[in-house]
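Subject: Structure handover

Hi,

Here is the structure I promised to pass on.

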Amino acid sequence: MRSFTIRVPATSANIGPGFDVVGLSLSLHLTLTVSVDDDGPSSPPKITYSGEGADEVPLDAYKNLTTRVALYVLRCNGISQFPPNLTIHCDNEIPFGRGLGSSGAAVIAGVLLGNELGQFNLPVERLLDFALMVERHPDNVTAALVGGFVGSYLRELDQAATEAASVPLSEVLPEYPPDAGEEWGLNPPQPPLGIGHYVRFGWSESIKALAIIPRFELSTAKARGVLPQEYSRKDLVFNLQRLAVLTTALAQNPPDPELIYEAMKDRVHQPYRKTLIPGLPEVTSNITPTTHPGLLGICLSGAGPTILALATGGFEAIAQDAAAIFKTHGIEVDWKVLEVVGGSVVQQNS
């Protein structure tokens, strides 16, 4: 019997101006408790699930996102099947469809699960390659894997590697038909080497993240669908200027509210998503460091609808006033004060 635990944090992407570039790991977790019994009679993988999304997550190992990613990693490294008598219990604290990286956490959990089941000991950079074959934007998965406040980019690859990294997701994680046998989908596309690169920025320990979570889901695909194909030079320069300041400002002690509040403004994604998130413009403009001492900056978390407020104090007043604004639009919210945490951890159970 072999047993281990995988713990993957929630993440918030963009942090205002850093669209598809920066991510932040937060103290909500997806935890997998895994056991493999090589001695007993062979049985198919068994998945159980508790916490957020427990009533909507598929428990079939060939349909569940995490186990499908794990099987992808196994097959790319010469192991065609799950080990016999595999049991996985997932306990999830990350709400679905709220802009807190639930799908990125599921993908990273799958990559780590495949690596651990196969005992491949892949380096972090290679683990990230596998994740980026599934989740094509690096901000959430990088932060979930390595932790902290992270900037990332996709490397410009040669033509063959670019084609390999751009294969349809349906080839990387095929939908298994009901009659699929063990030989089905045995040769998935291998990830090129070094798809994504990252750097971890500094972070002031005095800063916490207040997540204001509306009680409705918003798919990333829908939130991306409202974005334009082209931007003006003026709007791109606006974001670049602020991102250049923000990545240093959030590491300073004490943090400067005036500097950070302005540096967390955005013209690339938030203005276009306001139609999908009633109350967003009022929350991000009416709640300021002047009106709410302790606040540093406020933005949409990822694709939304969660609002992320970075602050050193005054959390309850910020949350209550944001909730009041959302309520005028008929939307109820929950809120949590979260810490910025380290990355994913795999621990052997004795």
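This is a predicted model: local features need pLDDT of at least 70, side-chain atom pairs count only at pLDDT 80 or more; totals for chains, interfaces and linings use all residues.

Residues are numbered from 1 along each chain as its sequence is written, and side-chain values use heavy atoms, with hydrogens and water left out.

**The helix pair**

Start with H1 (residues 65-76) and H3 (residues 124-134), whose axes come within 11 Å and cross at roughly 125°. Helices (H or I, at least four residues) and strands (E, at least two) are DSSP runs, numbered from the N terminus. The axes are lines fitted to C-alpha atoms, for helices over the stretch in contact, with angles from 0 to 180 degrees between N-to-C directions. H1 and H3 are therefore oblique to each other (under 35 degrees is roughly parallel, over 145 roughly antiparallel, 65 to 115 roughly perpendicular, and the rest oblique). Their crossing is right-handed, a label used if the near helix is turned clockwise from the far one by less than a right angle.

Which residues of H1 and H3 meet? On the H1 side they are Val-69, Tyr-72, Val-73 and Cys-76, and on the H3 side Phe-130, Met-133 and Val-134 (contact means heavy atoms within 4.5 Å). The residues of this contact divide into seven nonpolar, no polar and no charged; Ala, Val, Leu, Ile, Met, Phe, Trp, Tyr, Cys and Pro count as nonpolar, Asp, Glu, Lys and Arg as charged, and the others, Gly among them, as polar.

H3 is largely enclosed by the rest of the structure, because nine of its 11 residues are buried (buried is under 20% relative accessible area, exposed over 50%, partly exposed in between, with a 1.4 Å probe and protein chains only). Among those buried residues are Phe-130, Met-133 and Val-134 from the contact with H1.

**Salt bridges**

The count comes to nine, taking a side-chain nitrogen of Lys or Arg within 4 Å of a carboxyl oxygen of Asp or Glu.

Arg-126 is buried at 14% relative accessible area, and Asp-129 is buried at 1%.

Another joins Glu-262 and Arg-242 (2.8 Å, N to O). This pair links distant parts of the chain, with Glu-262 in helix H9 (residues 257-263) and Arg-242 in helix H8 (residues 233-249), 20 residues apart. Glu-262 is partly exposed at 30%, while Arg-242 is buried at 14%.

Then there is Glu-332 with Lys-327, at 4.0 Å from N to O. Glu-332 is partly exposed at 38% and Lys-327 is exposed at 55%. Elsewhere, salt bridges that share partners join Arg-242, Glu-262 and Lys-265 into one network.

**A loop residue**

Last one: Thr-288, in the loop between helix H11 (280-286) and strand E8 (295-300). Is Thr-288 buried or exposed? Thr-288 counts as buried, at 15% relative accessibility. Leaving out residues up to four places away in sequence, Thr-288 touches Tyr-261 and Leu-295.

Cheers
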